[in-house]
Amino acid sequence: MGFLSFFKKKKRSPQPTMPQLWEKLRRSSDFVEVSFAVGDKELSIYYFDSLVDPKVLQEHILCHLQKDLSRHPNVQLEDLQQIVPIQRIEVSEDAALIEEKVLKGFVAVSFREQPGKAALISAANENLGLRENNDSENEFSVVGPKVGFVENVGTNLHLIRRQIATPNLVFREMMIGSMSKTKVVIAYIDGVANPETIQTVTQRIEAIHFDVVFDNAIIDQLIADNSRTPFPLFVSTERIDRAVYALVSGQVAVFCDGSPYAVIGPSTFFDFFTSPEDYYLPWVLGSFFRLIRFFGVMFSVLASPVYVAVLTYHYEMIPEDLLGPIIYSRSNVPFPPVLEVLFLEITIELLREAGARLPTKVAQTLGIVGGIVIGQATVDAGLTSTILLIVVALAALASFTTPIFKMSNTIRFIRFPFILFAACWGGIGIAFAVCGLFIHLGRLQSFGYPYLVPFYPLRVRNFRDTFVRSPYSATAERPTFLRPQSRFRYDPEDAKQKRDIDE
């Protein structure tokens, strides 16, 4: 059985009482508790603001409670079905059931003379977050859900709460910005996330002294461990499934009112090459596509510098069969390889930047027509060679394999220092640039956690979900470098036994 058999022998925790239940739910800022008196009747209502439809709450629950309880002071919880015009009303003394229902969008009503009971009234906002304009646009996925975050932080919290129906999901609300008074919410799962990480995130956000906070991207920069690096230290995502997986793994998410993105940390370098689609495909295919991304990034960074280094210093490395076509393609080019490469790379960046600022239809036309016309014109004019045009085009294409847009921008940027190093010192310059890059990455941290973990410091057990995506039976353990309070996400041994029984 192994050490996982511990979960099977573990005794169930004792049933919580009603006061203990309310105390546990109060940890989250979106939990609302209202107590008031109607005539001689004292009652309390409990609900999650991010799950309840405010119209149903005001017009169908509170209005009728205040109106009818004053007329009928002897009404018990079991009689609310005749007062509140909502079909699904259930009275229960089971704290676990009440907890489950409240986490599904029910409103719990309790009378003072019946403290051990609660009436559960359905008031869930089923349509919140299901609008047509909240599809994930920048993190498109063929497989899996396509619902993304929106600019309203309440909607985003509702979407997260619907996916993680546990009272341990805690939302901690803050206000930052001396002029904007922007609402910022820290989300984490109590009992999973490391308390030190939660404290670090809270302290850094509370220490922000800024006049106007427009977007999560500003918070991202203000709480970063190093502001002098081009590499993003936190994952910014608009996809709900990525944020949910991060929370379950022990990370912390930050939501900002007015921003359709969630900032997730602590993050590692390898998180930026992981796509939620990897977990919806068989692990063999998911691993293959992830390796393709790593190869694409290496090719995008090194293709142009290697071209410059070989043609400037190491032309003896060119095979004889390839030497003729290279000489023929460069016979009319008057510039050295470095200027030739910089000219094409800057042209590609101009096309990208212009396409990003133009309307969609115009940008598509510019990208296709502009790329073909400019590429053919530069070759005909003798400003560049056809081989380099292919290399630069493939390098630009490979940079788009990165799932996170911020890391894609970084990959585009670091190509230029590599090209300059290759032009100055050839292959040795590229080696120096690679060493300098790894030294820089090794010094970076995200909320105090090493950026290159599990590669540096070495954590062999966490390689199961780094370069490749291992099967679920091998990834039950949460990342150990996050130091989560709960070590396992599920028991793979139980899953295997159930599968064997089904077979």
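R27 is partly exposed, with a relative accessible area of 33%; here buried means under 20% relative accessible area, exposed over 50% and partly exposed in between, computed with a 1.4 Å probe on protein chains only. The model is predicted: local features need pLDDT of at least 70, side-chain atom pairs count only at pLDDT 80 or more, and totals for chains, interfaces and linings use all residues. Residues are numbered from 1 along each chain as its sequence is written, and side-chain values use heavy atoms, leaving out hydrogens and water.

R27 forms a salt bridge with D190, with 2.2 Å between the closest N and O atoms. R27 sits in the loop between α2 (18–25) and β1 (31–38), and D190 in the loop between β7 (182–189) and α6 (195–206), so this pair ties together parts 163 residues apart in sequence. D190 is partly exposed at 28%. A salt bridge is counted when a side-chain nitrogen of Lys or Arg lies within 4 Å of a carboxyl oxygen of Asp or Glu. By this rule there are 22 salt bridges. Helices (H or I, at least four residues) and strands (E, at least two) are DSSP runs, numbered from the N terminus.

| Pair | N to O distance |
|---|---|
| K406 and D220 | 3.0 Å |
| R290 and D465 | 3.0 Å |

K406 is partly exposed at 28% relative accessibility, whereas D220 is buried at 7%.

R290 is buried, with a relative accessible area of 0%, and D465 is partly exposed at 23%. Elsewhere, salt bridges with shared partners join E345, E349, R352, R412 and R415 into one network.

Helix α15 covers residues 405–443 and spans only 23 Å between its end C-alpha atoms, whereas a straight helix of 39 residues would span 57 Å at 1.5 Å a residue. The expected span is 1.5 Å times one less than the number of residues. Where does α15 bend? The bend is at W425 and comes to about 140°, taken as the angle between axes fitted to the seven residues ending there and the seven starting there.

The structure holds 0 disulfides, a disulfide being a pair of cysteine sulfur atoms within 2.5 Å. C256 is buried at 0% relative accessible area, and C424 is partly exposed at 45%.
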